[in-house]
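Subject: Structure for you to look through

Dear colleague,

I am handing over the structure below, and after it you will find a short account of what was found. Please keep the structure open beside the text as you read.

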Amino acid sequence: MDEMVLEKAQAAAIATQPQTAAAELREVSKVYGAFAALRNVSTSFEMGSCTMILGENGAGKSTLLRMVAGLISPSRGSVATFGTTPQEQRGRIAYMSHAPMLYDELSAGENLRYFAGLRGDGCGLCTGSPEMALRAVGLDPHLKRPVGQYSQGMRQRTSLARVLQSDPELLLLDEPFSNLDVESAEMMVTLLADFRTWPITSGPMAGIGRRTIILTTHQAHLGAPIADTTLTMRAGKIASVLKREPAI
Amino acid sequence: MNYLRQVTRHLLKDLQLEWRSRDAINGMLFFSLLVVVVFSIAFDPTGNPTTTRQISGGILWIALLFASVTTLNQSWAREVRNSVLDAQRMVPAPPSALFLGKALANLAFVTVVELVIAPLFVIFFNVHALGNGWMLTAIMPLGTWALVVNGTFFAALGLRAKNRELLLPLLLFPISVPAILSMVNATTDVLTGDVDPIQPYFWIKLLAAYDIIFTTVCLLLFETILHAE
């Protein structure tokens, strides 16, 4: 009961603060059985920033990302996105995991049209349509082959198109460069740098807000050109935070 | 209106996925056909026509129940594969629309199987309705929906369980007892035609009430199930 009161008080305290953080974690821990994936993590991700999270396997990168996405809840502490719970901000957040999050039996275009249709308000203005989103990631929108027959790299790019077409203000990418060849990875980096400049045209931050990216990777050299913050995790804790000007 | 559009999108997606793979319908058809043939051999329908008529309602529904379970168990597998369910959870749309779309798709699959199995059942068991045959047009969809709506819900409930194949029948069968009782009795009454004609109406009303209650409960609880860790 006390914990619930404390959580509500923390959430209320976050809500009353001026909104500068796209996501904020306060003393967050996540325990799976006897394994602590996150240990008392407190950090915030400023609006308009691009944060690259580095760390070994099992360091807690994906857990942190899934928590910001609202897919898992903390065992202790509180998580806020845009001042409230991630669940209340679903329309403003997009999450790409290392699994493609696509139906194998449908083509890329069919997958994207299905998810765009579920949002109700159509597609993002910058990507325009599922076709344009697919072109943006370098895929042929008229490809009839089902996603199940795509290469890993093509699936990864389709997955990126899926999240970009939702026009998110907060983009969460879990290992976006894995399975990509050098050329595709560099194209993705350029696209993400471009994505940060797209204006926000709807919602409470329309015209004034900037887009935020949080990505995890093992390929630091790929994320470094767009990242202004590098956060290193070790054994469920934040080991270091490094801020600098992005190259792109 | 927007909600109905969401339900339709989920339904069409599931129909499209099934059309491409035909996993569910083929499995169900094979299984139910097997049950009908095995029971027809075991009970000798031509030798004992009265007994056969009395048990045929039960056999038909048992065949459909077992066949449905094989499909219902797999109905969420496509969502779990490639973590599509996470994408569904992130969509700013009512989760109950996803549930309703999937339940309607499952209803369509089981109905297709019923349409194929029913004539074969009539041939193998040498039965025809002695009562009001038109009542079957109410009993079949109501009974099928009772199985499908609970089956879809409990299959989602068991998504994160290790023994989900076992969990579904364990949960579904006991909770479906009132529905199974109603559909078997109503079907048997129609096939035998030797009871009070009022009796099938009672079972149909009971079945309709069961459907309304459980559909409402499943729709209300599905969001909790979907976001459970």
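To begin with one pair of strands, β8 of chain A, which covers residues 229–234, pairs with β9(A) in the antiparallel sense, and six bridges join the two. Within this pairing, T230(A) is the residue that stands opposite L242(A) of β9(A). Please bear in mind throughout that this is a predicted model.

These two strands belong to an open sheet of six strands in chain A, whose order is β5-β6-β7-β3-β8-β9 and whose pairing is mixed. At its edges are β5 and β9 (237–243) of chain A, each of which pairs on one side only. If direction is ignored, neighbouring strands of this sheet are turned by 15° against each other on average.

The contact between the two chains is the last topic, and here 23 residues come from chain A and 21 residues from chain B. On the side of chain A that touches chain B, β5 (93–96) and α3 (108–119) of chain A each supply at least two residues, and α3(A) gives the largest share, with five residues. Sorted by class, that side of chain A holds 14 nonpolar, five polar and four charged residues.

With best wishes

Technical notes. Residues numbered from 1 in each chain as written. Chains lettered and ligands numbered in written order. Predicted model: local features only at pLDDT ≥ 70, side-chain atom pairs only at ≥ 80, totals over all residues. Contact = placed C-beta atoms within 7 Å. Helix = DSSP H or I, 4+ residues; strand = E, 2+ residues; numbered from the N terminus. Nonpolar A, V, L, I, M, F, W, Y, C, P; charged D, E, K, R; others polar. Pairing = 2+ DSSP bridges. Axes fitted to C-alpha atoms, helices over the stretch in contact; angles between N-to-C directions.
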